[in-house]
Amino acid sequence: MKKIFLSADIEGTAGIVHWDETETGKPLYDRFARQMTREVAAACQGAMAAGAGEILVKDAHDTGRNLDPEQLPPCARIFRGWGRDPYSMMGGLERDFDGVVFTGYHSAADTDGNPLAHTMNLGIDRLTINGETAPELLINSLTAAYMGVPVRFVSGDEALCRWMHRMCPGTVTVATNRGVGNGAVCLHPDEAVERIRAGVEEALYRPKAECLFPLPEAFEVEVRYRQHFMAHRAGFYPGARQTGPRTVAFRHNDYFQVLTFFAFVL
């Protein structure tokens, strides 16, 4: 019986092109929170079809309270809210999971693959890890790699899916949107749901070794903020160094220490 971890974001959900569609209390939010839930439920169904008997879903957008638990299968547990530990969007992941699934993910800050491209928050202008412009997917895939858990599946915008194929070719991807300037060409919501269900089922049959995200031996991180005073503040983190008016750098061989740095400076 397979044990699967699922981290769900929203900006890469089919149809979303504006911040108002992602924020609680905005007129269109409920519609797109339902689609986020449908895509997560489809991923769970695909996982169960491939032999998953236990699924932990991390609601990983904003408040951490976007998904409707009643629409998920009974074998799924859901981590709502935030643990406020360094694992962040991967809260609850442990080494005994058989795979990680990401739904609703999006392109990085300082890239143009999604009209809502960002990394962690809108105060970050650019984040790099070992020179690679980092989407949240990189941060979280490295967390999976740190624990020895394969990244089985990713859904989100087309540019992010291309990026993931370059970084870990064995991971199955489903593109729900293709960013075009300040808009996107989007799959029909029902089509996105079906492709995600089928993609996760396929992904869980792949050998573990094909889906292990590469883990470097050391990590050189640079964060460039939109506001100079944020770099000034982050420069006081132990081991960090301010490298420019809006940039701070940090180096460590232990990825958990990098995650701890992120917990305090992002």
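User: Hi! What should I know about the model first?
Analyst: It is predicted, so local features need pLDDT of at least 70 and side-chain atom pairs count only at pLDDT 80 or more, while totals for chains, interfaces and linings use all residues. Residues are numbered from 1 along each chain as its sequence is written, and side-chain values use heavy atoms, with hydrogens and water left out.

User: Great. How many aromatic pairs are there in the whole structure?
Analyst: The search finds 11. Rings of Phe, Tyr and Trp (its six-membered ring) pair if their centres lie within 6.5 Å; planes under 30 degrees apart are stacked, over 60 edge-to-face and the rest tilted.

User: Which kind is F219 with Y255?
Analyst: The ring centres are 5.0 Å apart and the planes are at 45 degrees, so this pair is tilted.

User: Are those two buried or exposed?
Analyst: Both F219 and Y255 are buried, meaning under 20% relative accessible area with a 1.4 Å probe, protein chains only.

User: And what about F250 and F261?
Analyst: That pair is stacked, with 4.6 Å centre to centre and 5 degrees between the planes. F250 and F261 are buried too.

User: Which residues make up the ring cluster?
Analyst: Ring pairs link Y237, F250, F261, F262 and F264.

User: New topic: which rings does K58 lie over?
Analyst: K58 lies over the face of F79, at 4.8 Å from the ring centre, and over the face of W82, at 4.0 Å. The test asks for NZ of Lys or CZ of Arg within 6 Å of the ring centre and within 35 degrees of the ring normal.

Methods: Buried means under 20% relative accessible area, exposed over 50%, partly exposed in between (1.4 Å probe, protein chains only).
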